[in-house]
Amino acid sequence: MSYDLVVIGTGPGGYVCAIRAAQLGLKVAVVEKRKTFGGTCLNIGCIPSKAILHASDKFAEAEHDLASFGVLTSPPKLDLPAFMKHKDETVAANVNGVAFLFKKNKIDAFHGLGTIKTPQLVEVTAEDGTKSGVETKAIVIATGSEAAPLPGAEIDEKIIVTSTGALSFDKVPGKLLIIGAGVIGLELGSVWKRLGAEVTVVEFLDRIVPGMDGEVAKSFQRILEKQGFAFRLGHKVTKVERTKTGASVTIEPTAGGEAASLDADVVLVAIGRRPFTEGLGLEALGIAMERGRVVTDPQFRTNVAQIYAIGDAVAGPMLAHKAEDEGIAVAEIIAGQHGHVNYEAIPSVVYTMPEVATVGATEEQLKEQGIAYRVGKFPFTANGRARAMRQTEGFVKILADAASDRVLGVHILGASAGELIAEAVVLMEFGGSAEDLARTCHAHPTMSEAVREAALSVDKRAIHM
Ligand code: FAD
Ligand code: NAI
């Protein structure tokens, strides 16, 4: 069997790449070691986590919020198997959707571990050990990432778990201890907090969500604390031990000082992810790597001709939409077009309640780069729709170049922030200014009016503040 392109891995990077290449007339095959397509994102990442975030938000709403709308119910009860069924059905619909798209686009799929023997040959080892060879003119590595291990914490996915275990608990943990105040810790911590767990987050740094705009992160932390999250910032974990009933975690202040011990029923290790390239045979091929990531040039080429790499396996944010955009761009490049990804305009969303959504530079980054900027801010407390929905927490913050007024960064803390950020991304793609946004008509009453008001506020002329 011979192809124009073989894509190894069918996560959002790989499956989107395969579809785009097929659209452009290439004969394409994919290789996937998992039983279902869709990678981390569809099977054990974005999709199942959003399914249980949504369901647990409904639970919290029924428990705490509905009465304030005059909707009286008896206290909600959790049917955890039904809750998990919703997640499983959501995953199944999505992974089956990818299988359908492969058929529709006449993409052949090989199930098994892909190993690159030469730039023209991928060997596929099926689960039963049988091997087959797939010939190709080009290869895209889209093998994604895995949870970074914490030395000394032995993952069993029951008591000491990664995100994968935390998506499938068979009962609500009494005490959940989370190591790492990043995206996974706060999203999955929110799910189990809403369902009744006592959640403590131990974070190495003295702040949560590193990399996010500092002012936004501080407000976000306060809101999470109000929801009942306990944070032990500036602490490192030195030991994680299984006990008869759960685990014991030893922590020490990062700056030095007395160690303390915390007991938990379950410990979630969420200290980042690392690229997954095991079994690909990259060393034998001499493919250049840097800190575990495959090194590529701006056209996604590795140092070996006709072998490309994208997504979590290469540099950049480990986000599904970044992987997808690289998948499209590399397919276009392989087909002789001019694929391109604008890394300045990749949004990032934390799907807690409220959500946090950001695109572009933070205030800290602009200061560091010595760029003069103006800030426009608008709180959701002053937005009519937010009041009607009783979702007034948070604000919109826009950073614009002081001289040109070009928007350099937008940060939103609030309900639906993940949807609201889209207009900021489009604006930034087109090199738009705060004034462009401020002069654009926004429907009333919507949360998006707060985005416009923040743009007006860059020039100190917000109407409703
Ligand atoms: P992956 O999705 O990891 O896919 C790689 C695929 O390659 C896998 O299916 C793997 O089985 C296969 N593979 C690996 N090696 C081989 C081999 N040798 N042969 C054959 N197959 C192989 N990102 C967001 O943007 N939004 C979110 O809300 C979000 N939520 C997340 C929640 C969780 C809990 C986690 C863990 C991650 C989340 N992410 C989210 C990150 C997102 O899942 C990744 O950025 C994205 O999946 C990366 O896509 P990818 O195609 O590079 O790799
Ligand atoms: P992360 O990088 O977001 O956060 C990890 C946190 O752990 C950091 O705050 C870090 O300082 C801390 N940390 C590291 N080592 C530590 C230690 N030894 N002790 C205590 N704290 C320690 O990583 P996370 O949350 O595991 O997520 C991995 C990646 O998955 C994310 O970076 C993101 O790319 C992706 N993801 C994206 C989501 C989204 O877009 N909504 C949702 C979930 C994951």
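Q: Of the 39 residues around ligand 1, which come nearest?
A: Around ligand 1 sit 39 residues, each with a heavy atom within 4 Å of it. This is a predicted model, in which local features need pLDDT of at least 70, side-chain atom pairs count only at pLDDT 80 or more, and totals for chains, interfaces and linings use all residues. Side-chain values use heavy atoms, without hydrogens and water; residues are numbered from 1 along each chain as its sequence is written, and chains are lettered from A and ligands numbered from 1 in the order in which they are written. The residues that come nearest to ligand 1 are Glu-32, Thr-40, Lys-50, Gly-114 and Ala-320.

Q: How far is a polar side-chain atom of Glu-32 from an oxygen atom of ligand 1?
A: Look at the polar contacts here (N or O pairs within 3.5 Å; within protein, one atom must be able to donate a hydrogen and the other to accept it, and residues adjacent in sequence count only if both atoms are side-chain atoms). Pro-12 uses a backbone N or O atom, 3.4 Å from a ligand 1 oxygen, while Lys-50 puts a polar side-chain atom 2.7 Å from an oxygen of ligand 1. For the polar side-chain atom of Glu-32, the distance to a ligand 1 oxygen is 2.6 Å.

Q: At what distance does a backbone N or O atom of Gly-272 lie from an oxygen atom of ligand 2?
A: Ligand 2 has 22 residues around it, and Gly-272 is among the closest, along with Glu-187, Glu-203, Met-318 and Val-349. Backbone atoms also reach ligand 2 oxygens from Val-183, at 3.2 Å, and from Ala-270, at 3.5 Å. For Gly-272, the backbone atom lies from a ligand 2 oxygen at 2.8 Å.

Q: Which aromatic residue pairs with Trp-192?
A: Rings of Phe, Tyr and Trp (its six-membered ring) pair if their centres lie within 6.5 Å; planes under 30 degrees apart are stacked, over 60 edge-to-face, the rest tilted. The pair with Trp-192 is tilted, at 5.0 Å centre to centre and 50° between the planes. Trp-192 is in helix H6 and its partner in the loop between H5 and S9, so the pair ties together parts 23 residues apart in sequence. Both rings belong to buried residues, and the partner is Phe-169.

Q: What is the angle between the planes of Phe-37 and Phe-102?
A: Phe-37 sits in the loop between S2 and H2 and Phe-102 in helix H4, 65 residues apart. Both are buried. Their edge-to-face pair has its centres 4.8 Å apart, and the angle between the planes is 75°.

Q: What is the omega of the peptide bond from Met-353 to Pro-354?
A: Pro-354 lies in the loop between S20 and S21, and Phe-220 touches it (contact: heavy atoms within 4.5 Å). Most peptide bonds are trans. The bond from Met-353 to Pro-354 is cis, with omega near -5°.

Q: Why does Val-209 count as buried?
A: Val-209 lies in the loop between S10 and H7 and has a positive phi of about 35° although it is not a glycine. Val-209 counts as buried because its relative accessibility is 4%.

Q: Which backbone nitrogen does the side chain of Asp-405 reach?
A: Asp-405 lies in the loop between S23 and S24 and counts as buried at 13% relative accessibility. Its contacts include Arg-374, Ser-433 and Val-458. At 2.9 Å, the Asp-405 side chain reaches the backbone nitrogen of Glu-435.

Definitions and conventions:
Helix = DSSP H or I, 4+ residues; strand = E, 2+ residues; numbered from the N terminus. Buried < 20%, exposed > 50% of the residue type's maximum accessible area, 1.4 Å probe, protein only. Lists of a residue's contacts leave out its neighbours within four places in sequence.
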